[in-house]
Amino acid sequence: MAMARKTTAALPDPVSSDLKQVLRTLKLGKMLDTLPERLTLARQQSMPDADFLELVLSDEISRRDTNSAALRARAAGLDPAMRLDTWDTTAAVRFDQQLWNELTSLRFLDGPHGALLLGPVGVGKTHLATALGHIAVRRRVGVHMTRADRLFKRLKAARLDNTVEAEMRRLAHTPLLLIDDFCLQALDATETADFYEIVVERHQRAATVVTSNREPNEWLALMADPLLAQSAVDRLVSTCHELVIEGDSYRRRQRPTLTKQ
């Protein structure tokens, strides 16, 4: 004799189709992602209507803030994976934690001052600099991050279509400029002049963060014009905190590993 198959009745949708349509009309459709569980919570706790309304609207504000920050971070050129909460605190690298805590407070923007993140290849300089950018973006500070070689190539290209002045103005006025991998290779005369112009325009007006695997005194030998180089580096170093990062390569922790069968 065949046994009757048990069927489980589907639970009723706590959100009516009319309410769904209203939310979508008001461009609040994303609230439907969390509204059912919030309704359940409100019933379980006999939550007053005003408290429930505040709860679901707070969810929407938080969701919009997160989405807005993600869009601004992408526009700023920030890697979404390199945030403060994704930094591996067990990594075998060493740096002044007190200074790092001060930098993450972003009080250096008030100076405005800047920061030099220095250390050998692979110790996480880019990650830490990007994390500062993400913190600034969350606080609605204007941020632009770029690798040094790409920055100079972009400026050279801008000269070809007569947009270099506009590009320089943007670089000069961005509240937080992050330049990654500076002086990884030698700078020609145009690049040296561009670096000088950027530093002079931003000096004591906006904050600049630079990562490099060379000490500032090593930069001078890699620039085409010694006088412009000295003037730019002196201005930059005089207004920057210096965070030296030492230890084993942080990137080695990201190597793929074999999954045991």
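Me: Which residues in H4 meet Leu 128, Leu 132 and Ile 135 in H5?

Reply: Happy to start there, with the reminder that this is a predicted model. On the H4 side, the residues are Trp 100, Leu 103 and Thr 104.

Me: What kinds of residues, by class, make up the contact of H4 with H5?

Reply: That contact divides into five nonpolar residues, one polar and no charged.

Me: How are two packed helices described?

Reply: The general idea is to give the angle between their axes and the distance between the axes. Here, helix H4 (residues 97-104) and helix H5 (residues 125-138) cross at roughly 35°, and their axes come within 10 Å.

Me: At what angle do H8 and H10 pack, and how far apart are their axes?

Reply: For H8 and helix H10 (residues 226-238), the angle is about 35° and the axes are 9 Å apart.

Me: Which residues of H8 and H10 meet?

Reply: H8 brings Thr 192, Ala 193, Phe 195, Tyr 196, Val 199 and Val 200. From H10 come Leu 228, Ala 229, Ser 231, Ala 232, Val 233, Arg 235 and Leu 236. Sorted by class, the contact of H8 with H10 holds ten nonpolar, two polar and one charged residues.

Me: Let's turn to the aromatics. How is a pair of aromatic rings described?

Reply: By the distance of the centres and the angle of the planes. With centres required to lie within 6.5 Å, the count for this model comes to four aromatic pairs. One of them joins Trp 87 and Phe 95, whose ring centres are 6.3 Å apart. Their planes stand at 65°, which is over the 60 degrees needed, so the pair is edge-to-face.

Me: Are Trp 87 and Phe 95 buried or exposed?

Reply: The cut-off for buried is under 20% relative accessible area. Trp 87 has 13%, so this residue is buried. Phe 95, at 18%, also counts as buried.

Me: Why is the pair of Phe 182 and Trp 219 edge-to-face?

Reply: Because the planes of these two rings are at 85°, with the centres 4.9 Å apart. Look at where the partners sit, too: Phe 182 lies in the loop between strand S4 (176-180) and helix H8 (189-202), and Trp 219 in helix H9 (residues 216-219). The pair therefore ties together parts that are 37 residues apart in sequence. Phe 182 is buried, at 1% relative accessible area, and Trp 219 is buried at 0%.

Definitions and conventions
Residues numbered from 1 in each chain as written. Predicted model: local features only at pLDDT ≥ 70, side-chain atom pairs only at ≥ 80, totals over all residues. Heavy atoms only, no water. Phe/Tyr/Trp six-rings, centres within 6.5 Å; stacked < 30°, edge-to-face > 60°. Buried < 20%, exposed > 50% of the residue type's maximum accessible area, 1.4 Å probe, protein only. Helix = DSSP H or I, 4+ residues; strand = E, 2+ residues; numbered from the N terminus. Axes fitted to C-alpha atoms, helices over the stretch in contact; angles between N-to-C directions. Contact = heavy atoms within 4.5 Å. Nonpolar A, V, L, I, M, F, W, Y, C, P; charged D, E, K, R; others polar.
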